Amino acid sequence: MKIRTVTQEEAYHHCNPDDFPFETTAEIKELISYIGQERALEAVEFAISMPSRGFNLFVVGPEGSGRHSVVQSFIHKQAKNKTTPSDWCYVYNFESAHQPLVLEFPPQQGPVFKKEMSELIEAVKTTLPTIFEGDDYRIRIKALGEQLQQKVDKLYEGLINKGKEQSIAVIRNDQGMMFSPMDEKGEPMDLESFKKLPESTKKEFEKKIENLHGTLHKTVHEVNKVNREAKEQQKKLKEETAGLSIGQLIHALLNKYADHEKVIAYLKSITAQLVEHVDDFLQDADGHQNPFLSLKPGPPTFNQYGVNVLVSQTEAGAPVIYEDMPTYQNVHGRIEHQAQMGMLTTNFSLIRPGALHRANGGYIIIDARRLLMQPFAYEGLKRTLRSRQIRIEPVERLFGLVSTVSLEPEPVPLEVKVVLIGEPMIYYLLQAHDPEFNTLFKVQADFEYDMERNAASQQQYAALIGTLAGEKNLLPLHKTAVARVTEEAARHAGDSSKLSLHIRKIADLIKEADYLARKTDKHHIDSQDIEMALKASERRGGRIGDRIFSSIEENIRHIDTSGKKIGQVNGLSVVGIGDNMFGFPTRITAVTRPGKGNIVDIEREVELAGPIHSKGVMILGGFLNSRYARNIPLGLQASLVFEQSYGGVEGDSASCGELCALLSSLAGVPIRQDIAITGSVSQLGEIQPVGGVNEKIEGFFDICKARGLTGSEGVIIPETNVRHLMLKKEVVEAVGKQQFSIYLVTKVDEAIALLTGLEAGEPSEDGYPKDSINSRVEATLLRFAQDLRAFNKGKSIQQDSES
């Protein structure tokens, strides 16, 4: 059986620097489109252009794929051509102080209105005192006072005349009104004279005085009524005067905002308030408050006439907001408080906007994972999207911790496109467990992990590399460096025919190479700088890999790379820690004996194996059942284990090696230890591709190289994995010198034949060829079945004799 080996060209697919029509990336025009993400960008464009409700966007992609920067940049370009949204302001609600009103203005007009209102109040402060101190107002007030005095005097004069008619003197002094009998001369009678009067006369005077007291009460009531009427007239005069003055001041604003019904209503309420509280603006010449107002706790601040500009658009086009910390308050806005006299107070001017306010009329971008981590943030966002209104509520009220009266600002109408960015798992979990998710986020933009590698795409990738270098102010890359980065991108993609779109890794590699190039005063980055950066990065993250390598070298972890062993094979494992991956060989052993057809996976029994690995082991039983001794029960008891493995095991990439170890044990044929194997196996014996093939090969190569290459060492991989090979330079060189071999197999028969040196054997009418692996395995299984029957028969006889 002829098994093909990997050539030097297949082990590493080079990128030819001469294919690039430039010397350095400084000659490349900046990339103006986004390569490899056409499908995702179509979805983004559709979502941001779709006017119907619910067509918000969820961007799916791995961290570091450039999804944030690509989406933001793309949306920014589209947003420049959109209509600039309105400004929003909060103002005092004179009818309900705890419910501030929201006003909408054309773009950039919010601050203008705030300034106009400030100027209006300043004008009122200046104009009203001048008018009320003017001669015209003073004359009219004086006339009203004189009219009042005349009416009062007339009332008191009537009382005095009535007293005179009854010979009773009415005396007015500081203590009030007094009544006294009059003598013959018409003068008030003194007490001594009054006492000398006859008793009947005294009683007559007393009765008259008592009647006059009743008349006095009526007169005082009339005087009070006249005073009230006079005050009403004075108040009416003051309000008319103030209204006329304020009306003239506010007339221009009423004309300017005639088309804004809500603004007009607010200006009219302002006019009424200014007229009603005109005394707040009246001060004496020394700048002190009116003495009648001095009993108030403090001078008026006029803050209620201010304007809180919540959002004002300073740039043309629709806003694009990225909220880095999407707490409930940061997204929906908050109400701040300030300390006054030991108490926390608030008012409409302390209302602060959230990201939704700033993005209103445009786009808001939020990281989905961060949003879900914040209490109430995700639920609040959904509620806002459903109602299309932004409500600002204290978060403690959402918790139900307080019941005190606070501000309840009028909600702001919302028109926004929400873009959530997250990992695929978050998207599918929300889709599965949140029934509202699909209603609110109808569009998915799925970012690609990689792109096809061909001559055209390599040119595009070179432009991407040049653009990254330009954006980060890095040294230009020589075409040899671009070729090396392109090769590394193929290795990151895990496929020589693909290029990784994990932009962050590529950018970090270029940055580190730039640092190394600048240390040696270079004017551009060359391939040597890229190579040094890769080695430095590998060394920084290679501590654990080096420890495992050392433990194998010191024979603490037993790995044989020479000789032959029955039921023992070198499997290949790969470990990913952070951004670093490394491979190493693992000894897999199999032990077989007669039994009830069970294959015991020791890793699964001790709960160290994941479900995929357990599935792979169970497939081995299916393979044995489908191939050997099909007319009798499988009388086998087998155990498989990863020797010296003390952590979790997952994946089915070792199933081919486990099957080879199992077949070796059954056939009694030893396996070469200078060859390692990786690959997944099907129930039909087909070898299937696995991941991490480069790291696995390099891990075994490093061990063999350290012990000295003899030319017999190698690894077996699935033939379908050949396209994934992008091996490091020293492995490629060893392959070219035939010091190390990489064998390609498609069936388990090819793998076992290579490992044992015996043909697997093809079945015929007479069975498998004699002394082939398959015939030996089948013979062993038949023997196991006979031994098991004999054992069961003997056991049954013994039981009968005992009974």
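How do the residues of the lining of the largest cavity divide into nonpolar, polar and charged? In this predicted model, where local features need pLDDT of at least 70 and side-chain atom pairs count only at pLDDT 80 or more, totals for chains, interfaces and linings use all residues. Residues are numbered from 1 along each chain as its sequence is written, and side-chain values use heavy atoms, with hydrogens and water left out.

The structure holds one cavity of 30 Å³ or more, a cavity being a set of points, on a 1 Å grid over the protein atoms alone, where a 1.4 Å probe fits but cannot get out. The space in the largest cavity is about 60 Å³, a volume being the space filled by probe spheres set on the grid points, which are joined across faces, edges and corners. Its lining (residues with an atom within 4 Å of a point) consists of Leu144, Gln147, Leu148, Lys151, Val226, Glu229, Ala230 and Gln233. Two or more of the lining residues are given by each of α5 (135-165) and α7 (199-256); helices (H or I, at least four residues) and strands (E, at least two) are DSSP runs, numbered from the N terminus. The lining of the largest cavity divides into four nonpolar, two polar and two charged residues, where Ala, Val, Leu, Ile, Met, Phe, Trp, Tyr, Cys and Pro count as nonpolar, Asp, Glu, Lys and Arg as charged, and the others, Gly among them, as polar.

An open sheet with parallel pairing is formed by five strands in the order β7-β12-β15-β1-β16, two strands being paired if DSSP finds at least two bridges between them. Because β7 (320-323) and β16 (443-446) stand at the edges with a single partner strand each, one side of each is left without a neighbour in the sheet. From one strand to the next the twist averages 20°, with axes taken as lines fitted to C-alpha atoms, for helices over the stretch in contact, and angles running from 0 to 180 degrees between N-to-C directions. Helix α3 (residues 67-79) packs on this sheet and touches β1 (57-60), β7, β12 and β15 (417-422), its direction making about 175° with that of β12; contact means heavy atoms within 4.5 Å.

Strand β7 is joined to the parallel strand β12 (residues 363-367) by four bridges, and Glu323 has Ile366 in β12 as its bridge partner. Glu323 also forms a salt bridge with Arg358, in which the closest N and O atoms are 3.5 Å apart; a salt bridge requires a side-chain nitrogen of Lys or Arg within 4 Å of a carboxyl oxygen of Asp or Glu. Since Glu323 lies in strand β7 and Arg358 in helix α10 (residues 355-359), the pair ties together parts that are 35 residues apart in sequence. The whole structure contains 38 salt bridges.

A second open sheet, antiparallel in its pairing, has three strands in the order β3-β2-β6. Its edge strands, β3 (101-105) and β6 (307-311), each pair on one side only, and the twist averages 30° from one strand to the next. Four bridges connect strand β2 (residues 87-91) with β6 in the antiparallel sense, and Tyr90 stands opposite Asn308 in β6. Helix α4 (residues 110-132) lies across β2, β3 and β6 and runs at about 175° to β6, whereas helix α8 (residues 261-276), which touches β2 and β3, has a direction at about 130° to that of β3.

The second largest pocket has a volume of about 760 Å³, a pocket being an open set of points with protein on both sides within 12 Å along at least five of seven lines. Of the 33 residues that line this pocket, Gly66, Ser69, Val70, Leu468 and Ile503 lie nearest its centre. The largest share of the lining, six residues, comes from α3.
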